Amino acid sequence: MKQYLLILLASVCGLVAQAKAQTTAWKPVWKPDSTSEFEVGTQIRAWTIKDEGLTNILDNMQSMAGVNNLYMVVVMHQEHRPFQAPEFPHNPARDVWNAEDSRVTFFPDMKRYGKIKPLLSDHKWIRDTDWLQLMVDSVRARGLRVGAEVSHYPIPKGLIRKNPDWQMKKIDGESWNGSRFCANNPVAREYLIALFGDLAANYDLDYIQTCQYLFNDKDIDEGGTCFCRHCIAEAKRTGFDLEAAIPVLKKNKNAQPERNNWLTLRRNSTTKLYRQISEKIKEENPKCHLRLNDVFVWGGGDAIDYGMDIKALAPYLGSLVNQDHQEQRGRKNETFSMRIKWLQTNRKFIGPDMHYVSGIAPRMNASPELVRAGIKVALEHPAKVNGLALDPGRRRPAE
Ligand SMILES: [Zn+2]
């Protein structure tokens, strides 16, 4: 089985390069069935469906890469697409697309939301169609698994910039970044819980994936977050006087127990937010779960942690993805040392039984050899990987 997948998935680089020509009859080379639980997942966005046609896309994904699990990025952050590449390799309608600032591509149930409401697209053709429903119907009809992703910025950056109280604060009280909300902010928290609840209640999803950025990895004297009034209030509830700790940490960032108390507060705040989101998903749809798309590497040297304790978070997750893109660097003799270590560390945190997916990156500078090597690392890893997440992008044209 693993051997077969290796051969099959290695063709995914070819998918990027050749897909323009792939409009011929669909010939599945591998079809998932109820006895095969190994996941081969990938992602899709609304404009790709409009431009290339869902039937064509799904035919290609299934026949060329054995995809059996597809999720839509339903809240996509502002970004030039294709990411880090000048133009799409095979889009018949456009060369590039500038993704809007966290506009949604589903029909939100506005009654569920409080102060922050989801923003629909400025493009009529996007906002007039429920792209998520369209995808779920087609994907389910083929018997595949299906999910939705809320990406790095669930709340539009423009909206956060207009509301300083939502922004994360450095130790001097100044805003950090200006477009990232604090996980302890009640308005942001209410919105997130409503958003995940809305998706779980109104769409037939197996999982909702999150890869949002919460606290940063900066040290206290470099802009580390967060010291906002909502963090002070949350600290107080847990018996930690953050307000009193601020002047102490300003003088000496390593003062104890203040420093560790602050780091613990961040980790616990993240766990609390995801716990509430996970409980809301289960309440709305017991068949749906929260999937964490871990985009940060654990144990990465001396850097301060990101305020996330995956071991504490594990009881609230249904599955985990390590989103690793080492292939895209195009290093000929890539050893995948980071992937090997990361897979091991997170498996320890989540325990032996959780569904665990390894990202691979058939994109940018990756060669077929590198993609094969990356897949092999995941499949043969002692951490027992239950699936692969293909995060494709454009492969660099031959020079
Ligand atoms: Zn805060």
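**Entry 1, H8 against H11.** I began with the residues where these helices touch, and found that in this predicted model Arg189, Leu192, Ile193, Phe196, Gly197, Ala200 and Ala201 of H8 meet Ser269, Lys272, Leu273, Gln276, Ile277, Lys280, Ile281 and Glu284 of H11. Sorted by class, the residues of this contact come to eight nonpolar, three polar and four charged. I then looked up the geometry: H8 (residues 186-202) and H11 (residues 258-284) pack at an angle of about 30°, and their axes lie 8 Å apart. Since angles under 35 degrees count as roughly parallel, I noted H8 as roughly parallel to H11, and I recorded their crossing as right-handed.

The crossing here is left-handed, and the contact involves Leu242, Ala245, Val248 and Leu249 from H10 with Glu258, Arg259, Trp262 and Leu265 from H11. I counted six nonpolar, no polar and two charged residues in the contact of H10 with H11.

Which atoms coordinate the zinc ion? I found the SG atoms of Cys182, Cys226, Cys228 and Cys231, at 2.2 to 2.3 Å, with the spacing C-x43-C-x1-C-x2-C along the chain. Cys182, in the loop between helix H7 (157-161) and H8, and Cys226, in the loop between strand E7 (207-210) and helix H9 (229-237), are 44 residues apart and link distant parts of the chain.

Key. Residues numbered from 1 in each chain as written. Predicted model: local features only at pLDDT ≥ 70, side-chain atom pairs only at ≥ 80, totals over all residues. Heavy atoms only, no water. Axes fitted to C-alpha atoms, helices over the stretch in contact; angles between N-to-C directions. Helix = DSSP H or I, 4+ residues; strand = E, 2+ residues; numbered from the N terminus. Parallel < 35°, antiparallel > 145°, perpendicular 65-115°, else oblique. Left-handed = near helix turned anticlockwise from the far one by under 90°. Contact = heavy atoms within 4.5 Å. Nonpolar A, V, L, I, M, F, W, Y, C, P; charged D, E, K, R; others polar. Donors = N, O, S within 2.8 Å, 3.2 Å for Na, K, Ca; no water.
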